[in-house]
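Have the picture ready and look for each pair as we reach it.

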Amino acid sequence: MHINHATQTIFLHNPKTAGISVCTWLIEHHGYVERPGDRNAEVPGLNGIIWMHSWVVDPEYQTWLKWCVVREPFARWESYWHFIGRSGWVPDGLDFAEFTRRHRDWLPKQVHYLRACDAVITFENLHAGLAT
């Protein structure tokens, strides 16, 4: 989660939607900063979701505009599978189909971000969306 005090906006980092690249761009060019605190600490009540990927906003930022990027679900899951594979985290050498059957809950559902946000940009139209 990244915040901009000047514009009172919050970027909610939905995993596997170019979030790290967007965060870097926002910090370098638009005055965003990372939410204070440990980005890798688990958010209470969100079953292992870390603050970096949280859709829960601190009370002092509730009125700020919240936005995120979403991605076509299969492409997002496939990207996650490749990320997990490159990282060496695929349990028991599972193939894509079996990994999908067993671990669909490993990636947060995008509906959480959609419900939490006031504005949404699609990954497939990222460049145009960020230009607005």
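Start at Asp 118, which is exposed because its relative accessible area is 52% and the cut-off for that label is over 50%. Keep in mind that this is a predicted model. Which residue does Asp 118 pair with in a salt bridge? The partner is Lys 66, and the closest N and O atoms are 3.8 Å apart. Lys 66 belongs to strand 4, while Asp 118 sits in the loop between helix 4 (110-116) and strand 5 (119-122), so this pair ties together parts that are 52 residues apart in sequence. In contrast to exposed Asp 118, Lys 66 is buried, with a relative accessible area of 8%.

Now turn to a second pair, Arg 35 and Asp 58. Their salt bridge has its closest N and O atoms 2.9 Å apart. Both residues are found in the loop between strand 3 (33-34) and strand 4 (65-70), yet they are 23 residues apart, and the pair links distant parts of the chain. Are these two buried or exposed? Arg 35 counts as buried at 13% relative accessibility, and Asp 58 is buried as well, also at 13%.

Arg 102 is partly exposed at 47% relative accessibility, and Glu 98 is partly exposed at 22%. Arg 101 joins in too: Glu 98, Arg 101 and Arg 102 are linked in a network of salt bridges.

How many salt bridges does a search of the whole structure find? It finds five.

Key:
Residues are numbered from 1 along each chain as its sequence is written. This is a predicted model: local features need pLDDT of at least 70, side-chain atom pairs count only at pLDDT 80 or more; totals for chains, interfaces and linings use all residues. Side-chain values use heavy atoms; hydrogens and water are left out. A salt bridge is a side-chain nitrogen of Lys or Arg within 4 Å of a carboxyl oxygen of Asp or Glu. Helices (H or I, at least four residues) and strands (E, at least two) are DSSP runs, numbered from the N terminus. Buried means under 20% relative accessible area, exposed over 50%, partly exposed in between (1.4 Å probe, protein chains only).
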